[in-house]
Amino acid sequence: MSKVFGFAGENDFCPGGPIYTNHKEQNHFLSIRDVYFPLRKRSRISAPFVFTEERFEQKKQASIEVLPDECLFEILRRLPGGDERSACACVSKRWLSLLSNICKDELCSQNESAKTNTQVKSEVEDEGIEGDGYLSRSLEGKKATDIRLAAIAVGTASRGGLGKLFIRGSNSSQGVTKVGLRAIARGCPSLKVLSLWNLLSVGDEGLSEIANGCHKIEKLDLSHCPAITDKGLLAIAKSCPNLTDLVIESCTNIGNEGLQAVGQHCTHLKSISIKNCPAIGDQGIAALVSSASNVLTRVKLQALNVTDVSLAVVGHYGKEVADLVLTSLSNVSERGFWVMGNGQGLKKLKSMTVTSCVGLTDTGLEAVGKGCPNLKQLYLHKCPFLSDNGLVSFAKSAVSLESLLLEECHRITQIGFFGSLLNCGANLKAASLVNCLGIKDLKLDLPELSPCSSLRSLSIRNCPGFGDGSLALVGKLCPQLQNVELSGLQGVTDAGFLPVLENCEAGLVKVNLSGCVNLSDKVVSVMTEQHGWTLEVLNLDGCRRITDSSLVAIAENCFLLSDLDVSKCATTDSGIAAMARSNQLNLQVLSVSGCSMISDKSFPDLVKLGQTLLGLNVQHCNAIRSSTVDVLVERLWRCDILS
């Protein structure tokens, strides 16, 4: 403050010196009234002052924050465009909260020109929006909060609106509640897809807010939301007539009443997936399926307290159902599957998956085969009471079947599997056996039968009883195979696999022999000579008897090969060098993981192979130093290297 009263130099108020020579007399200056001193320098204090005899007193600056919410709401809703509202939302949480609670019909522009400019700008921006013109947003974990939802609601409003919203989990202390969903409901009336997963604080009020503001909802996914009850689902059903896809999983308080409301009001429902909801029973499923009989195309029922009645309704009213998935329905008996198959309603069924259903027996599966003439895909998992007789009877009836998968069906034996191949007709293209312990090598004296010439893909995985005898039958019955997967079959030897190679007329394209520890270089040599002109993918992972000889044969004959896996094989640097010398080999993916005899000497050969490689796996190759791998990463910049 001394500079205010004692100035020196060319910028003095009074060039002659200070007004008072005695600084104690400076206090008298405060009593002088109506004295004007023109400032020659910009004031360092911008706020106005009140001169008193005691001290300077700075006025309190007026702030818009003193306005009540009602007044500020009126101001914010009159902002001319979306950019202005987005900018104001960044001011404070209060402003964001107010903006997010403004409905679209409550917005008003200051003048028609501003409104027109805003509309034109929005149309231009919408041209760059993905998909059908709406934006997608996803919040996961701690990012799923009401504040972020409010920001999304305000920020997307000027760019065509939010079309898809996925919320996965939430922060327990600041998670999503009805407040966040209210912001979405008011700011995003164009929302069509909503997925709520693991939201413990979201209940009927939040879902009702969505129903009141987002009438265009087409797909709704409610998973692990225990606070949502029939009341919330009823609000959606009444307000969202365009609903086509409904997923309800682990919502313990949603029951039959909610599903009945959906069936009554949502006449365009095409897909339903109901999983692990103990309050849902036959009444809800029956009402839903029967109401949407003419449009429902996909039905998935899992871990529900339903009985044979639900399957009977599906079999009778599922006129348009093309995809049916039934999982862990412990209260459904053999009668349920039999009635469903004889219901004459599943004429358009194309794909059926049954998992862990003890009620699926030979009688039920045979009825399904007769009642579903257009069935093309059948996947059976953990069906303990299904045997060879039922599988063969089904195969005789399912003349349109194209793909068959059996997993952990332990009563299926070699007789049932090959019997189904012979009786499936001319459309079967793919067959798979996974972990079926009932498969045993049997000496079968089959009569001269026409082969299954339509089969193109055969997959046998982790069936320890499937050996050389079974492979010999494959060679006789399946001459047109192109894709062969024999994974984890330790009983398969060269003697069993060679007939398959010799009888295959079409030319193998993809071969997976991982875990077949008793196959040797002879198999690879014959395979490359007879099928090298078509082979594109070869997996020999864990075939410990495969050596450099196989790599030499591959380099000489497999010019179309793009993916090769020789992990944990007995290959060395010499084998890598042989492949690098080939001028016609164009590998894109190479895996030598666990090949302990491949060392740093292979570096120049790997670099040469890397000219075409997009993926290289050298994990657990202990003879390759980390420094060598670093140089490979630098040299092969186009290739993803795992080390």
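**Buried sites and helix packing in the predicted model**

Asp548 is buried but forms no salt bridge. The nearest side chain of opposite charge belongs to Arg581, 9.2 Å away. A salt bridge would need a side-chain nitrogen of Lys or Arg within 4 Å of a carboxyl oxygen of Asp or Glu. The model is predicted.

Asp548 sits in helix H20, which spans residues 548-557. Beyond its neighbours within four places in sequence, Asp548 is in contact with Ala570, Thr571, Thr572, Ser574 and Gly575.

Helix H20 also holds Ser550. The relative accessibility of Ser550 is 1%, so this residue counts as buried. The cut-off for burial is under 20% relative accessible area. With neighbours within four places in sequence set aside, Ser550 is in contact with Asp521 and Val524.

A further buried site lies in a loop. Leu587 is placed between helix H21 (573-581) and strand E20 (589-591). Leu587 counts as buried because its relative accessibility is 2%. Leu587 and Leu564 are 23 residues apart along the chain. Their C-alpha atoms are separated by 7.4 Å.

Helix H7 covers residues 178-187 and is mostly covered. Of its 10 residues, 7 are buried. In H7 the buried residues are Gly180, Leu181, Arg182, Ala183, Ile184, Ala185 and Gly187.

Helix-helix packing was examined for H9 and H10. Helix H9 comprises residues 230-239, and helix H10 comprises residues 256-265. Their axes come within 8 Å and cross at roughly 0°. H9 is therefore roughly parallel to H10. The cut-off for this class is an angle under 35 degrees. On the H9 side, the contact is made by Asp230, Leu233, Leu234, Ala237 and Lys238. On the H10 side, Asn256, Glu257, Gly258, Leu259, Ala261, Val262 and His265 take part. The residues of this contact divide into 6 nonpolar, 3 polar and 3 charged.

Key: Residues numbered from 1 in each chain as written. Predicted model: local features only at pLDDT ≥ 70, side-chain atom pairs only at ≥ 80, totals over all residues. Heavy atoms only, no water. Axes fitted to C-alpha atoms, helices over the stretch in contact; angles between N-to-C directions. Helix = DSSP H or I, 4+ residues; strand = E, 2+ residues; numbered from the N terminus. Parallel < 35°, antiparallel > 145°, perpendicular 65-115°, else oblique. Contact = heavy atoms within 4.5 Å. Nonpolar A, V, L, I, M, F, W, Y, C, P; charged D, E, K, R; others polar. Buried < 20%, exposed > 50% of the residue type's maximum accessible area, 1.4 Å probe, protein only. Lys, Arg positive; Asp, Glu negative; His and termini not counted.
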